[in-house]
Amino acid sequence: MSEAITLRELWAGTTDVLGSRHEARWICEVATALDGADFDAALADRLTDRMVRHHDDMLARYCAGEPLAYVLGRWSFRHLDLAIDRRVLIPRPETEVVAGVAIELAAAVAGPRVVADLGTGSGAIGLSLASELPVRDTTVWLTDVSEEALEVARANLAGIGRAAGNVSIAAGSWFSALPVGRRFDVIVSNPPYVAVGSPDLDASVREWEPGSALLAGADGLDDIRVLVAGAPGHLRAGAWLVVEIGADQGVAVETLLREAEYTAVEIRADLTGRDRVAIARTPS
């Protein structure tokens, strides 16, 4: 009975099942709606039946193979706490690196800056831009072809406070969602870049995450080709395109960018040292 269960006991029992004290705490935090110092202060408190049922449901889902982010319904990304569900990809550390590059380039723009996050999904990159760039003189566009993904992004928009006033959200495939005639200082995207049938795609990712946000043709480059070809028509002279790429795509993407006559082409690594971010500039 829940009357006999304290939060400390629940956390310990969950740790025994999962073998991870941190993951166990995250599940207990969501189940009890307590975190941080409030969680620590309540360790001796008895739990309600509702809390225990919620916990048991999440634990069963996680043990059945559902990714932890979907079980929790939220995931951290840089300075944001994002709502996450199966309509969108789970944000990953390598994408935080991509966002950081885009923020760095946008912050260097003198005067008003206009940036776009194409294929935004949960809004992770674009909302990080909006929340970390100066509120004054910043405009951010978030786009996605998936209306379901944009519902998640809109929910997350409410969590960035005053900076939300700088954000516009539009539905459409890549550049078709952008306002006609608008020129951008930075366009950033984490597009699908996994080859169809790739043996490297983790089984849990294939089973749980949206395939439309992962798969991009026989070589994984179909959507990257669209971005490389279309970006110059929407960027200012001397503006930047930033694209997340697969770890084995650095040479191929660099070739695409150089053949399209971008300048300052660079492939940067993620935190594990693997190729992850393609950066290029339109001619001045």
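This is a predicted model: local features need pLDDT of at least 70, side-chain atom pairs count only at pLDDT 80 or more; totals for chains, interfaces and linings use all residues.
Me: What radius of gyration does the protein have, against that of a compact globule?
Reply: A compact globule with 284 residues would have a radius of gyration near 19 Å. The C-alpha atoms of the protein fill a box of roughly 70 × 45 × 30 Å along the principal axes. The radius of gyration agrees with the globule value, at 21 Å.

Me: What share of the residues in the protein is buried?
Reply: Buried here means under 20% relative accessible area. Of the 284 residues in the protein, the buried ones make up 51%.

Me: How far apart do the centres of the positive and negative side chains lie?
Reply: The protein has 41 negative side chains and 26 positive ones.

Me: How many disulfides does the count come to?
Reply: A disulfide needs two cysteine sulfur atoms within 2.5 Å. For Cys 28, the nearest cysteine sulfur is that of Cys 63, 12 Å away, so Cys 28 is in no disulfide. Cys 63 is likewise in no disulfide, with the sulfur of Cys 28 as its nearest. The count comes to zero.

Me: Is Cys 28 buried or exposed?
Reply: The cut-off for buried is under 20% relative accessible area. Cys 28 has a relative accessible area of 0%, so Cys 28 is buried.

Technical notes. Residues are numbered from 1 along each chain as its sequence is written. Side-chain values use heavy atoms; hydrogens and water are left out. The radius of gyration is taken over C-alpha atoms; the globule rule is 2.2 Å times the number of residues to the power 0.38. Buried means under 20% relative accessible area, exposed over 50%, partly exposed in between (1.4 Å probe, protein chains only). Lys and Arg count as positive and Asp and Glu as negative; His and the chain ends are not counted. The place of a charge is taken as NZ of Lys, CZ of Arg, CG of Asp or CD of Glu.
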